[in-house]
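Subject: Structure handover

Hello,

Here is the structure I promised you. My notes follow below it. Please read them with the model open.

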Amino acid sequence: MMINGKREEIPPFPHHKAYVYRSKQFFTAKGVASHLTMGDFITLKELYNGFRHKCSIPRVLLIDPTSDCNLRCKGCWSKDYESGHNISYEKFDDILNQAEELGIMDCLMTGGEPLLRKDDIIKLCRKHNKMTFGAFTNATLIDEEFADVMAELGNLNVFISIEGTQEQTDFRRGEGVYTKAIKAMDILRERNIGFAFSACYHSKNYKTIASDEFLDLMRAKGAWFGWLFQYIPVGSTADTSLMCTAEERSYVHKKIMDYCEKQDYVIVDFWNNGHLCFGCIGAGVGFAHINAKGDMEPCAFCHYSDSNIYDVSLKEALRSKFFTTFREAQPFSDNPLRPCPLIDNPQAIIDVVKAGGAKSTHLANPESAEELAGKSFERAKEWEEMAADLFQEMPEYNRKNFPKFLRYFAFKKGITDGRRRKY
């Protein structure tokens with residue numbers, strides 16, 4: 001695989017570098033056939049396991065090992081989470097055992113700061129050595145000793161959070177955090193560990209995040225790929241001034257698409273990659289999230305649930321009324337550039353939460369679906385108009401393949417949820 005201008009050998013799965021390769025395959029599939037045959041026929045295996053267990057099997061299970069964090073970043077919901085919630089090693093191990101039984105082989109950890117639990121994570125990586133792990137981290141706890149263990153394990157990846165320049169990063173994360181993140185990148189690059197950068201773009205840093213200068217720096221520092229997350233005003237105390245306008249979001253979309261094509265580089269740009277992953281993939285279609293209290297949520301940004309992993313099995317949680325209702329409503333738009341029910345189709349989150357009987361799981365500062373949606377209606381309307389034009393500018397295979405993928409997803413839901421759908 002070509003990485004930053006150099007051809008890198010990709011070890012066989014499970015390995016953190018194999019995860020990078022599989023991510024590229026997933027987000028560059030140009031048709032149903034290439035989607036079904038990617039990797040070691042992983043998509044076909046998911047279909048089979050979904051049919052066997054009668055539930056949609058996610059590609060990735062996201063888990064919060066802890067709600068605690070050693071930083072207090074502006075605009076991050078973790079800072080207003082109740083502290084002290086942790087999934088015990090024994091319960092984490094049990095969840096992973098259940099995941100392997102269902103055929104889920106990728107576990108990504110969010111939080112809180114997952115590396116506050118680095119000793120337990122290392123133990124779990126060693127025990128579940130047929131799975132690939134990844135941690136979204138502020139990188140302040142990455143040192144040479146931990147990097148040596150990562151190199152030894154082989155199946156643990158990290159995605160380092162950074163907000164652009166030193167000034168922009170320290171503005172949100174605190175003084176000195178940028179320097180620590182860059183130092184962690186240098187430590188990992190020296191050991192040829194294939195990490196990623198992870199950036200949240202918002203109204204104050206979107207031009208930096210989408211700039212060639214910033215992306216070139218990330219590649220020079222050794223990032224094999226990148227995650228971009230648009231700021232979502234989750235939580236009753238969220239700062240809505242950081243929300244991107246339609247024009248700002250469009251700017252990021254175009255710049256990132258151009259950069260990835262020019263440099264043959266993989267950047268997963270939530271929520272602008274709907275045309276590459278064919279709409280929302282939450283609630284088990286592509287991933288599902290377990291927070292530090294054990295609540296099962298459609299994704300890490302959708303803080304609503306009707307089931308808890310301490311009360312039901314993983315399989316039962318994936319079959320829950322809320323998850324089934326959520327999947328029934330997908331896709332939330334006939335334009336894949338408007339995939340999300342939180343910010344693109346806010347009425348949808350109101351409808352599925354109500355119909356699915358879900359409750360807010362936002363710990364310290366819960367909010368109703370109506371309150372969350374109320375912050376996004378105006379921006380969603382602006383984006384609807386702009387996204388219609390952008391979709392017409394998409395490559396022809398994107399526009400022609402979307403209806404085919406809708407039929408494929410209807411078939412997939414039919415054999416996993418036991419329901420037939422038409423699109």
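R126 counts as partly exposed because its relative accessibility is 43%. Here buried means under 20% relative accessible area, exposed means over 50%, and partly exposed is in between, with a 1.4 Å probe and protein chains only. R126 sits in helix α5, residues 118-127. Helices (H or I, at least four residues) and strands (E, at least two) are DSSP runs, numbered from the N terminus. Leaving aside residues up to four places away in sequence, R126 touches V149, E152 and L153. A contact means heavy atoms within 4.5 Å.

Some ground rules. This is a predicted model, in which local features need pLDDT of at least 70 and side-chain atom pairs count only at pLDDT 80 or more, while totals for chains, interfaces and linings use all residues. Residues are numbered from 1 along each chain as its sequence is written, and side-chain values use heavy atoms, with hydrogens and water left out.

Next, I160. This residue lies in strand β6, residues 156-161. I160 counts as buried because its relative accessibility is 0%. Its contacts, not counting residues up to four places away in sequence, include T137, A139 and I142. Also among them are A181, A184, M185 and L188, as well as F195, A196, F197 and S198.

Now a helix pair. Two packed helices are described by the angle between their axes and the distance between the axes. Helix α7 (residues 166-173) packs with helix α8 (residues 177-190) at about 115 degrees, and the axes are 8 Å apart. That makes α7 roughly perpendicular to α8. Axes are lines fitted to C-alpha atoms, for helices over the stretch in contact, and angles run from 0 to 180 degrees between N-to-C directions. Under 35 degrees counts as roughly parallel, over 145 as roughly antiparallel, 65 to 115 as roughly perpendicular, and the rest as oblique. From α7, the contact uses Q166, T169, D170 and R173; from α8, V177, Y178 and T179. The contact residues divide into 2 nonpolar, 3 polar and 2 charged. For these classes, Ala, Val, Leu, Ile, Met, Phe, Trp, Tyr, Cys and Pro are nonpolar, Asp, Glu, Lys and Arg are charged, and the others, Gly among them, are polar.

The search runs on a 1 Å grid over the protein atoms alone: a cavity is a set of points where a 1.4 Å probe fits but cannot get out, a pocket is an open set with protein on both sides within 12 Å along at least five of seven lines, and lining residues have an atom within 4 Å of a point. Grid points are joined across faces, edges and corners, and a volume is the space filled by probe spheres set on the points.

The second largest pocket has a volume of about 320 Å³. Its lining has 15 residues, and F13, R22, D40, I42 and K45 lie nearest the centre. Helices α1 (16-27) and α3 (42-53) each give at least two lining residues. The largest share, 4 residues, comes from α3. By class, this pocket lining has 8 nonpolar, 3 polar and 4 charged residues.

The whole structure holds 5 cavities of 30 Å³ or more. The second largest cavity has about 120 Å³ of space. It is lined by 14 residues, with Q230, C244, R249, I343 and R379 nearest its centre. Two or more lining residues come from each of α11 (246-263) and α17 (377-392). The largest share, 3 residues, is from α17. This cavity lining divides into 8 nonpolar, 3 polar and 3 charged residues.

Last, some backbone points to check. F13, from the pocket lining, is joined to P14 by a cis peptide bond with omega of about 5 degrees. P14 is in the loop between β2 (6-7) and α1. A cis peptide bond also joins F270 and W271, with omega of about 10 degrees. W271 lies in the loop between β9 (267-270) and α12 (274-277).

A283 has a positive phi, near 65 degrees, in a residue other than glycine. A283 is in the loop between α12 and β10 (287-290), and counts as buried at 0% relative accessibility.

Best wishes
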